[in-house]
Amino acid sequence: MSQKYITCEEVITFLLSYLSGELSAEKAGEFERHLAVCPSCVHYLKTYKATVELGRNALGGTAEPGPSALAPEMVRAILALRPPG
Amino acid sequence: MIEQRMDSPTLGEPGPEPLLLRLRTGDDAAYHELVIGYGGRLLAVCRRFLANEEDARDAVQDTFFQAFRALPRFEGGCQLGTWLHRIAVNTSLMKLRSRRSRPEESIEPLLPRFLDDGHQVDPAVDWDEPLRSLEHDETRRLVRRSIDQLPDSYRNVLLLRDIEELSTAEVAELLAISENAVKIRLHRARQALRELLDPHLRQRAVAGGHSNENTRPV
């Protein structure tokens, strides 16, 4: 039985579905056969994952630039927004 | 994940639940504690969506304004921090929509291109490990600048999914688009961000000697 080989375009187009585990076992097998022989797609996959990690680390949590605490005048302005009563 | 971020133990005692009870009694100290405890993190959230500092600060004020009025109806189904986070995200998105004055640029030029046979026009090479290390402030700045270059509708999905860690369903509801559209936008946003980072992070790796010939699959 001949095995189907998919193109780089198919791999890259459906990469998110592959990484999210949304592909059928058959389709995932086609991905893995392609990745076994295609260094370019392996690099693409690796740098795609690195992109997500870089974004999370550059913007997530405490990585945000600027002062983390509100200025006292801003705190006062916010507290003045409390509804009466 | 969001609950962990917004309701971390660094807030000190008392925890969010007793704080909520005190807020409902109109306790001045509790309101002060709420603003001091969550304000900085909410400002960080709003800054991610709104490049303009004044807009981000306005969004934080609007967030608290709405939260104060909604507190009597907040049933505590999620943690206080999670609830405030959602209001801040919503408020930032609304402000962003009101600021949009020109048509959005296409993301197409930032997506990978393919030859007729399905190979990439520009085969991918690995990134330089030390360069992509986040110990480098320069890399962090590069990533932030690159995210800011994404068209808003893609940037927002990337921020909501990858940074704010909302689920696909939550993002779909927030943006009033289908879950499939969220997935497509997220994938394209990540691809475009990768494309923007690639020339900076692959520079040294190229010296390793990858050529178009040996990166083609058989």
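The conversation below takes up the two chains, their contact and some individual residues.

Visitor: How many helices and strands does chain A have?
Guide: Please note at the outset that this is a predicted model. Along the sequence, chain A follows the pattern α-α-α-α-α. The count for chain A is therefore five helices and zero strands.

Visitor: What share of the residues of chain B counts as buried?
Guide: A residue counts as buried when its relative accessible area is under 20%. In chain A, which has 85 residues, buried residues make up 41%. In chain B, which has 218 residues, the share is 50%.

Visitor: What part of the accessible surface of chain B belongs to carbon and sulfur atoms?
Guide: For chain A, the accessible surface comes to about 4500 Å², and 57% of it belongs to carbon and sulfur atoms. For chain B, the accessible surface is about 11000 Å². The part belonging to carbon and sulfur atoms in chain B is 48%.

Visitor: Among contacts in chain B between residues at least 6 apart in sequence, what percentage joins residues at least 24 apart?
Guide: In chain A, 51% of the contacts between residues at least 6 apart in sequence join residues at least 24 apart. For chain B, the corresponding figure is 70%.

Visitor: Is H4(A) roughly parallel or roughly perpendicular to H10(B)?
Guide: Helix H4 of chain A (residues 39-59) packs with helix H10 of chain B (residues 179-201), their axes being 9 Å apart. The angle is about 95°. Because angles of 65 to 115 degrees fall in one class, H4(A) and H10(B) are roughly perpendicular.

Visitor: How many nonpolar, polar and charged residues has the contact of H4(A) with H10(B)?
Guide: On the side of H4(A), the residues include A:Tyr44, A:Thr47 and A:Arg56. On the side of H10(B), they include B:His187, B:Arg190 and B:Leu201. By class, the contact has seven nonpolar, four polar and three charged residues.

Visitor: Is A:Glu30 buried or exposed?
Guide: A:Glu30 lies in helix H3 of chain A, residues 25-37. Beyond its neighbours within four places in sequence, A:Glu30 is in contact with A:Lys4 and A:Ile6. Its relative accessible area is 4%, and the cut-off for this class is under 20%, so A:Glu30 is buried.

Visitor: Which residues are in contact with B:Asn156, leaving aside its neighbours within four places in sequence?
Guide: B:Asn156 is found in helix H8 of chain B, residues 152-163. B:Asn156 counts as buried because its relative accessibility is 6%. Leaving aside those neighbours in sequence, B:Asn156 is in contact with B:Phe49, B:Leu93 and B:Leu96.

Conventions
Residues numbered from 1 in each chain as written. Chains lettered and ligands numbered in written order. Predicted model: local features only at pLDDT ≥ 70, side-chain atom pairs only at ≥ 80, totals over all residues. Heavy atoms only, no water. Helix = DSSP H or I, 4+ residues; strand = E, 2+ residues; numbered from the N terminus. Buried < 20%, exposed > 50% of the residue type's maximum accessible area, 1.4 Å probe, protein only. Contact = heavy atoms within 4.5 Å. Areas by Shrake-Rupley, 256 points an atom, 1.4 Å probe, with all protein chains shown as cover. Axes fitted to C-alpha atoms, helices over the stretch in contact; angles between N-to-C directions. Parallel < 35°, antiparallel > 145°, perpendicular 65-115°, else oblique. Nonpolar A, V, L, I, M, F, W, Y, C, P; charged D, E, K, R; others polar.
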